[in-house]
Amino acid sequence: MLNLDAFKLNFRRAAAFGALAFGAIALSGAASASPLPLFPFILTPPAPMAPPPVATAPSEDEGAAVEMPARLKRQIVSYATREAPGTVIIDTPNTYLYYVLGGGQAIRYGIGVGRDGFTWSGVQQITKKAEWPDWTPPPEMIARQPYLPRHMAGGPGNPLGARAMYLGGTVYRIHGTNAPGTIGTHVSSGCIRLTNEDVTDLYSRVNVGTKVIVLPMDRHADNIGARRG
């Protein structure tokens, strides 16, 4: 005969064991999903966040690069003249500067020259050379453009650029420029401008006392040697 009390006792034990087994399985799954730290009272520092990217300031030359036309790039060309090697000839109408090498050759540079009404011609000598020259606009220029600074220290932002060669007792110079896009144009107040790279090259070749011939708008450098002898 079945003992009802014994049956109930066994049923309760089996149910309790099943509940324990189910709980163990649940805990095991939770532990495998996100294990608990062994020492929960020790705080771990948060992972360092990567710093935001720093924007780099554009260099002074960025965005100012100009692809020079082939004719305005510095190059050795055939050039017949009776002028002595080392002479500088400025072909104003064609915006070229020639440095005579002799033997029928010259170095030709592209230049910027005086705008309409500001061209000039004649023979001068280089009387002074300066690296990264200061700029003091002459009174005539200030009278025309009163907003100009009275003096500007030399440097990359200076209109005279990297080098300057002063011509006789005039206010004119052969100098560099921080606006290379003006090479090949008639834009200045009479000065002769080259790119900073080209004016540095020319500066290394000439000396104080170098002869400089500036041609008028109606003549060409190819004829100057024959005419001046």
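1. The side chain of Asn-158 comes to 2.9 Å from the backbone nitrogen of Leu-160, a polar contact (a pair of N or O atoms within 3.5 Å; within protein, one must be able to donate a hydrogen and the other to accept it, and residues adjacent in sequence count only if both atoms are side-chain atoms). Please keep in mind that this is a predicted model, where local features need pLDDT of at least 70, side-chain atom pairs count only at pLDDT 80 or more, and totals for chains, interfaces and linings use all residues. Residues are numbered from 1 along each chain as its sequence is written, and side-chain values use heavy atoms, with hydrogens and water left out.

2. Where does Asn-158 lie? Its place is the loop between helix H2 (139-144) and strand E7, with helices (H or I, at least four residues) and strands (E, at least two) taken as DSSP runs numbered from the N terminus. Asn-158 counts as buried because its relative accessibility is 1%; buried means under 20% relative accessible area (1.4 Å probe, protein chains only). Leaving out residues up to four places away in sequence, Asn-158 touches Pro-133, Asp-134, Trp-135, Met-152, Ala-153 and Asn-178, a contact being heavy atoms within 4.5 Å.

3. Trp-135 turns up again at the second largest pocket, as one of the residues nearest its centre, along with Met-141, Ser-188, Ser-189 and Arg-193. E8 and strand E9 (186-188) are the elements that give two or more residues to this lining. The 17 lining residues divide into 7 nonpolar, 7 polar and 3 charged, and the space amounts to about 300 Å³. A pocket here is an open set of points on a 1 Å grid over the protein atoms alone, with protein on both sides within 12 Å along at least five of seven lines; lining residues have an atom within 4 Å of a point.

4. How many cavities of 30 Å³ or more does the whole structure hold? The search finds 1, and the largest cavity has a volume of about 40 Å³. A cavity is a set of grid points where a 1.4 Å probe fits but cannot get out. Its lining includes Thr-92, Trp-120, Ile-192 and Val-214, and holds 4 nonpolar, 4 polar and no charged residues.

5. In helix H3 (residues 196-205), Asp-198, Val-199, Asp-201, Leu-202 and Tyr-203 are buried. Their cover includes strands E2 (88-91), E3 (96-102), E4 (105-110), E6 (122-131), E7 (163-167) and E8 (173-175).

6. Overall, the chain has 4 helices and 11 strands, and 33% of its 229 residues count as buried.

Note on methods. Buried means under 20% relative accessible area, exposed over 50%, partly exposed in between (1.4 Å probe, protein chains only). Grid points are joined across faces, edges and corners, and a volume is the space filled by probe spheres set on the points. Ala, Val, Leu, Ile, Met, Phe, Trp, Tyr, Cys and Pro count as nonpolar, Asp, Glu, Lys and Arg as charged, and the others, Gly among them, as polar.
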